[in-house]
Amino acid sequence: MADSVAKLPPPRAGRVQADLLDVVIVGAGPAGLSAALTLGRSRRRVLLLDGGPPRNASVSAGHGLLTRDGMHPADLKAQALADLAPYDVTVCPDGAREVRREPDGAFAVRVGQDWHRTRVLLFATGVRDILPAVPGLRERWGQGVFHCPYCDGWEHEGRALAVYGCGQSAHHLALTVRAWSDRVTLICDGDPALTPEQTRDLRRVGVRIRTEPVRHLRGGPLEDQPVCVTFRGAPPLLVDAVFLAPEQQQGSHLPAALGCQHSDRGRVQVDEQQETSVPGVFAIGDMTGAPQYVVQAAAAGMHAAQVINTRLIHAAVQSLGAAFHKTPDDGAEVTRPPEPDDE
């Protein structure tokens, strides 16, 4: 790909940076940070766009990450950013405003008033939680109200717990949360939308079902009290924690703007190499529908970084007229451009 910016159409706003980066990573959560670390150690020129606090910023501690169990998400991110210092990784606190494909095959990413050109674009922009419109719930998200029992179940094991929701997802979550406590109540906030079989399942394992409309949530760890769920026309419920599986949406509109295909559930579709339907554009982490754990996101970041670096290695070798040829016993040879003397 050409490094010159002369062929670029005039940007709609801002200045074009002349240098061609190897990779621009949009998003500095665990997935993006992990990818940046691997690419930096591979001697790649990387621009990492942060764009804001992590999705789990409201929790007091993260769990389930080897050697970092109980570490605050902000401290984990600070350590990950410090780990990038020795490498050619530029960290920018601003997010990407706009992206586009250039005529020469490169990508241009607008940050503030500047456009940065890159060979490869990697999205790690995550998802946003769409929380139920229950007064007091948002204020307790990560502080008494949680998404994942694997992340926060142990701290409340054996105590009175609630699951908020209805239908199949709530049925499954209630049965799962019961592994941490046999004192579980399913709060449906109206119609439970359960099949007769699902209702019987919950009753057989001792999960209570409450269908009264919820008024609001009070108390919680920030007030050093149990979480108090109040209902309309019914007694309140005191629990140690509430779990729910919220609806989610993409954290960024930029993959869709580039034409990346999405699944029926709104996740960015990727192949086994983490590449989207747009060649040269990769996506990792929660935004792809992967399991939403820090360690999974970090692993996806390293995997994508290895794929990207291998692609760049092959391109560099081929630009010199060479290739990764196989031996005759190992399959067909990889073709390469003819030498000038061969013509």
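Start by selecting tyrosine 150: with a relative accessible area of 56%, it counts as exposed, because that takes over 50%. Keep in mind as you look around that this is a predicted model.

Is tryptophan 180 buried or exposed? It is buried, since its relative accessible area is 18% and the cut-off is under 20%.

Zoom in on the two rings together. Tyrosine 150 and tryptophan 180 make an edge-to-face aromatic pair, with 5.2 Å from centre to centre and 85 degrees between the planes. Colour by secondary structure and you'll find tyrosine 150 in helix α3 (residues 149–152), while tryptophan 180 sits in the loop between α4 (167–177) and β10 (184–187). That puts the partners 30 residues apart, so the pair links distant parts of the chain.

Next, select Tyr293 as well: ring pairs join Tyr150, Trp180 and Tyr293 into a cluster.

How many aromatic pairs does the structure hold? Three. For another one, go to phenylalanine 146 and phenylalanine 243. Their ring centres are 5.8 Å apart and the planes meet at 40 degrees, so this pair is tilted. Phenylalanine 146 belongs to strand β8 (residues 145–146) and phenylalanine 243 to strand β15 (residues 241–244), so the pair ties together parts 97 residues apart in sequence. Both of these phenylalanines are buried.

Select arginine 100 and tryptophan 115: the arginine's charged end sits over the ring, 4.1 Å from its centre. Then try arginine 210, whose charged end sits over the ring of phenylalanine 231, 3.9 Å from the ring's centre.

Notes. Residues are numbered from 1 along each chain as its sequence is written. This is a predicted model: local features need pLDDT of at least 70, side-chain atom pairs count only at pLDDT 80 or more; totals for chains, interfaces and linings use all residues. Side-chain values use heavy atoms; hydrogens and water are left out. Rings of Phe, Tyr and Trp (its six-membered ring) pair if their centres lie within 6.5 Å; planes under 30 degrees apart count as stacked, over 60 as edge-to-face and the rest as tilted. Helices (H or I, at least four residues) and strands (E, at least two) are DSSP runs, numbered from the N terminus. Buried means under 20% relative accessible area, exposed over 50%, partly exposed in between (1.4 Å probe, protein chains only). A charge sits over a ring if NZ of Lys or CZ of Arg is within 6 Å of the ring centre and within 35 degrees of the ring normal.
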